[in-house]
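Here is a protein model with a ligand.

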Amino acid sequence: MIISSPTDYRQAAKRRIPPFLFHYADGGSYAEHTLRSNVEDLAGVALRQRVLKDMSSLSLETELFGEKMAMPLALAPVGLTGMYARRGEVQAARAATKKGIPFTLSTVSVCPIAEVAAAVERPIWFQLYVLKDRGFMKHVLERAKAAGVKTLVFTVDMPVPGARYRDAHSGMSGKSGPMKRMLQAALHPLWAWDVGVHGRPHDLGNVSDYRGQPTELEDYIAWLGDNFDPSISWKDLDWIREQWDGPMVIKGILDADDARDAVRFGADGIVVSNHGGRQLDGVPSTARALPAIADAVKGDLAILADSGVRNGLDVVRMIAMGADTVLIGRAFIYALAAAGESGVANLLELFEKEMKVAMTLTGARTIADLSTESLVPDAIPALK
Ligand SMILES: Cc1cc2nc3c(=O)[nH]c(=O)nc-3n(C[C@H](O)[C@H](O)[C@H](O)COP(=O)(O)O)c2cc1C
């Protein structure tokens with residue numbers, strides 16, 4: 001299949017991997033309104049074209065939490081990444097590191113922290129969920145520290161899981177799930193050979209490490225379901241603060257008041273995110289939520305943003321609306337599923353090229369030059 005744009009990887013992934021995995025990544029919660037509006041609203045943010053400004057020298061470099069980044073982009077935490085390609089977290093982390101950008105490992109990764117951290121030179125970022133089992137959280141934070149992790153991304157928009165109806169149909173969940181998954185694997189031999197045979201163990205590496213026994217896919221939903229903590233509040237974050245002395249980023253902020261609370265708490269950064277439309281359907285897209293949040297807290301902490309970013313132009317849009325760095329989830333998962341590390345590496349090249357074109361034609365020589373001035377007036381779909 002010809003890959004000429006980042007979005008081509010979605011179709012390529014769909015062909016290669018079993019439907020239960022494709023829909024697990026591709027889908028959102030409930031009727032998927034937020035999933036769609038993330039992409040549509042962001043694509044609709046109009047860039048302001050400027051010409052004849054000698055744009056022969058251009059730099060995408062930036063810095064975050066004292067870390068140099070080749071461009072203001074990082075790979076978002078995605079659970080079960082290791083089911084999309086053989087030891088998928090390692091492959092994606094290698095592609096990100098070679099490109100000079102951070103990789104974020106999910107709590108519910110297939111590969112444990114130590115395996116991924118040992119495979120790359122650059123310290124990885126680690127994402128932590130709030131779970132009832134504080135013993136697990138303590139254990140995993142210790143492992144992260146020992147593996148050289150500095151930046152902790154603390155996800156707060158999952159006190160309860162949003163329902164993802166596609167998973168029941170695809171075989172990801174439900175009684176007939178195991179049978180469906182086996183049949184689908186048999187019909188996708190390239191994936192079955194790469195991941196099914198050579199990608200083992202198929203478990204949640206960090207959880208198994210703590211429990212001292214394998215936590216396989218079947219246990220995954222049950223374990224997570226039992227462990228979400230709806231009682232979470234800001235005071236629980238103080239407990240995390242005591243365990244962690246590096247930069248702490250709060251992921252899942254969608255409201256300016258919560259962003260101000262994050263500043264009061266002393267967070268180093270926030271991720272403006274609706275979890276890629278996978279939690280509460282009907283909440284605004286990040287393109288709609290970001291400008292008000294940037295108005296409220298820009299300069300007080302680092303603003304990261306994700307949800308709906310599908311190409312380099314979308315990154316430029318997010319930065320122009322006030323983000324300091326942008327995360328991508330599905331975009332890299334599709335590339336990883338289609339072509340492993342080299343797919344993610346190529347995806348990042350495509351993103352970089354697109355960003356350069358967008359910056360050249362908006363007259364921005366550096367990332368710091370991007371601002372609301374890079375957008376046409378009223379380009380931002382404000383919340384009414
Ligand atoms: C398959 C999948 C699994 C995810 N798992 C996690 C996770 O374990 N932890 C987390 O904080 N966010 C998780 N997310 C959300 C991503 O970190 C990110 O917020 C989202 O993918 C951004 O939207 P995008 O996919 O449109 O780029 C997941 C997203 C997907 C698609």
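**The ligand and its pocket**

The ligand sits in the largest pocket. Here, sitting in a pocket means that more than half of the molecule's atoms lie within 2 Å of the pocket's grid points. The model is predicted: local features need pLDDT of at least 70, side-chain atom pairs count only at pLDDT 80 or more, and totals for chains, interfaces and linings use all residues. Residues are numbered from 1 along each chain as its sequence is written, and side-chain values use heavy atoms, without hydrogens and water.

A pocket is found on a 1 Å grid over the protein atoms alone, as an open set of points where a 1.4 Å probe fits, with protein on both sides within 12 Å along at least five of seven lines; its lining residues have an atom within 4 Å of a point. The largest pocket holds about 680 Å³ of space, a volume being the space filled by probe spheres set on points joined across faces, edges and corners.

Its lining has 37 residues. Y24, M158, R164, H275 and R278 lie nearest the centre. By type, the lining has 20 nonpolar, ten polar and seven charged residues. Ala, Val, Leu, Ile, Met, Phe, Trp, Tyr, Cys and Pro count as nonpolar, Asp, Glu, Lys and Arg as charged, and the others, Gly among them, as polar. α11 gives the most to this lining, with four residues. Helices (H or I, at least four residues) and strands (E, at least two) are DSSP runs, numbered from the N terminus.

Now look at the ligand itself.

Which side chains make polar contacts (pairs of N or O atoms within 3.5 Å) with the ligand? A polar side-chain atom of D306 lies 2.6 Å from a ligand oxygen atom. For S106, the distance to an oxygen atom of the ligand is 2.7 Å. Y129 has a polar side-chain atom 2.9 Å from a ligand nitrogen atom. The protein covers 99% of the 600 Å² of accessible area that the ligand has on its own, by the Shrake-Rupley method with a 1.4 Å probe.

The second largest pocket has a volume of about 540 Å³. Its lining counts 24 residues, with V156, D157, P159, G252 and D258 nearest the centre. β7 gives the most, with three residues.

Key. Polar contact = N/O pair within 3.5 Å; in protein donor to acceptor, adjacent residues only side chain to side chain.
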